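Here are my notes on this model. Please read them with the coordinates open.

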Amino acid sequence: LALIDYIRQRAAATRRGSSAVRLGIGDDAAILAPPRGHEIVVTTDMSLEARHFRRDAHPARAVGHRTLARGLSDLAAMGARPLAAFLSLAIPRSFAADPVDSHWLNEFLDGLFALAATSQAPLAGGDTAESPSIHVLADIVLLGAVPSGKALRRSGASPGDRLFLTGSLGGSAAELATLTVSSVSSESSVMPKSRVPHSSAASLRMSGVHTSGAHPHLYPQPRLAAGQALLRRNLATACIDISDGLSTDLAHLCAASNVAAEIDAASLPIHALARASGEPSALRFALHGGEDYELLFTASPGVSIPRTLGGVPLTCIGSILRARRDQPTMTLIEAGGIRTPLEPHGWEHLR
Ligand SMILES: [Mg+2]
């Protein structure tokens with residue numbers, strides 16, 4: 001009860017400016033008022049310790065940020081704007097003894113609430129339970145809104161469309177590779193115990209200093225503004241977010257649209273952290289390293305695509321082809337025009 005009350009106080013700060021949440025945490029259920037003429041988009045994402053994160057490798061604040069970012073990225077890929085978030089937490093007994101004093105939990109909530117505030121995704125409910133294991137489980141449910149019938153989908157790509165990407169690739173996998181157990185645990189042991197004042201705007205601003213440019217793995221920035229602009233300006237025929245890696249998510253888009261695709265390796269916008277690892281790692285991170293949370297979308301040949309959208313650069317990385325039984329679904333074009341089949345080998349982290 002103390003934990004729920006604590007979360008409720010902190011959640012109140014994320015509701016500022018939200019008109020959709022009529023009733024948040026505190027009753028048997030939340031009440032939402034979706035905007036007129038819109039449909040509701042729903043996505044759920046589970047963040048399970050030892051599967052999606054490690055407490056000895058990921059700072060708690062980053063785990064909180066990433067828990068929410070994964071769901072927000074799915075909303076972005078549909079062109080939706082967030083309406084409300086619901087968080088269910090299972091925490092080990094060692095935390096539950098005094099959850100409000102738990103350093104880890106405070107940091108986790110700092111990361112989650114900071115992103116909730118900047119992305120206008122108010123926390124409107126959830127659940128807590130004592131984990132029967134030593135592991136933390138954080139499950140997020142996100143509701144978003146799109147104008148009726150207009151949601152971006154994976155299934156609209158046609159032969160002749162061009163393939164675009166927001167931001168850059170490979171940074172997340174490259175940063176993850178540098179997160180060693182020793183460096184992170186020594187960092188967290190010297191960090192002061194956080195007792196952030198409840199609902200403090202100053203603390204939210206401070207915790208917003210993390211950017212995906214410097215920490216693409218720990219603090220990815222979901223491309224909500226870009227996704228909503230794609231929808232509003234009717235620029236995309238299909239869209240998906242890069243959660244499992246370009247090769248895997250492009251395969252999903254191709255399957256849903258029943259098309260093939262070719263990618264120009266030289267055109268790939270590779271994150272500086274990935275480039276720093278040299279070849280062939282850089283290209284491998286870019287093609288298969290997951291969790292970049294960029295948007296991959298297709299556009300009709302006649303449509304003019306701006307250089308930036310929602311504050312992020314856009315890059316044309318290839319094109320959509322007719323699916324043919326005698327041809328690979330995905331092809332990589334490298335220097336000298338050499339074409340090789342591209343297989344989906346999305347990054348499977350922690351394996
Ligand atoms: Mg997705």
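1. Cysteines. Cys 254 is buried, at a relative accessible area of 1%. Cys 316 is partly exposed, at 34%. The model is a predicted one, and a search of the whole structure turns up zero disulfides.

2. Magnesium site. Which residues supply the protein donors of the magnesium ion? They are Asp 74 and Asp 241, each through OD, lying 2.1 Å from the ion. Asp 74 sits in helix 2 (residues 60-77), while Asp 241 belongs to strand 8 (residues 238-241). The two are 167 residues apart in sequence, so the pair ties together separate parts of the chain.

3. Asp 241 counts as buried, at 3% relative accessibility.

4. Main core. The largest nonpolar core holds 52 residues. Leu 68, Leu 87, Phe 108 and Leu 230 touch the most other members. Several elements give two or more residues to this core, including helix 1 (2-14), helix 2, helix 4 (103-118) and helix 8 (224-232). Strands are on that list too, among them strand 4 (81-91), strand 6 (137-147), strand 10 (295-299) and strand 12 (312-322).

5. Another core, of 31 residues, lies apart from the largest one. Its members include Leu 250, Val 259, Ile 263 and Leu 283.

6. Around Leu 87. Set aside the neighbours within four places in sequence. Leu 87 is then in contact with Phe 108, Leu 109 and Leu 112, among others. Its contacts also include Thr 67, Leu 123, Gly 125, Gly 126 and Asp 127. Ala 138, Asp 139 and Ile 140 are on the contact list as well.

7. Helix 4. This helix has 16 residues. From first C-alpha to last it reaches 23 Å, close to the 22 Å expected at 1.5 Å a residue. How many of its residues are buried? The count is 13 of the 16, so helix 4 is largely enclosed by the rest of the structure. Just after helix 4, Gln 120 takes a positive phi of about 50°.

8. Helix 8. The buried residues here are Leu 224, Ala 226, Gly 227, Ala 229, Leu 230 and Leu 231. Leu 230 is also one of the residues that touch the most other members of the largest core. Just after helix 8, Asn 234 has a positive phi of about 55°.

Key: Residues are numbered from 1 along each chain as its sequence is written. This is a predicted model: local features need pLDDT of at least 70, side-chain atom pairs count only at pLDDT 80 or more; totals for chains, interfaces and linings use all residues. Side-chain values use heavy atoms; hydrogens and water are left out. A disulfide is a pair of cysteine sulfur atoms within 2.5 Å. Buried means under 20% relative accessible area, exposed over 50%, partly exposed in between (1.4 Å probe, protein chains only). Donors are N, O and S atoms within 2.8 Å of the metal (3.2 Å for Na, K and Ca); water is not among the atoms, so sites may look incomplete. Helices (H or I, at least four residues) and strands (E, at least two) are DSSP runs, numbered from the N terminus. A nonpolar core is a set of buried Ala, Val, Leu, Ile, Met, Phe, Trp, Tyr and Cys residues joined through side-chain atoms within 4.5 Å. Contact means heavy atoms within 4.5 Å. The expected span of a helix is 1.5 Å times one less than its number of residues.
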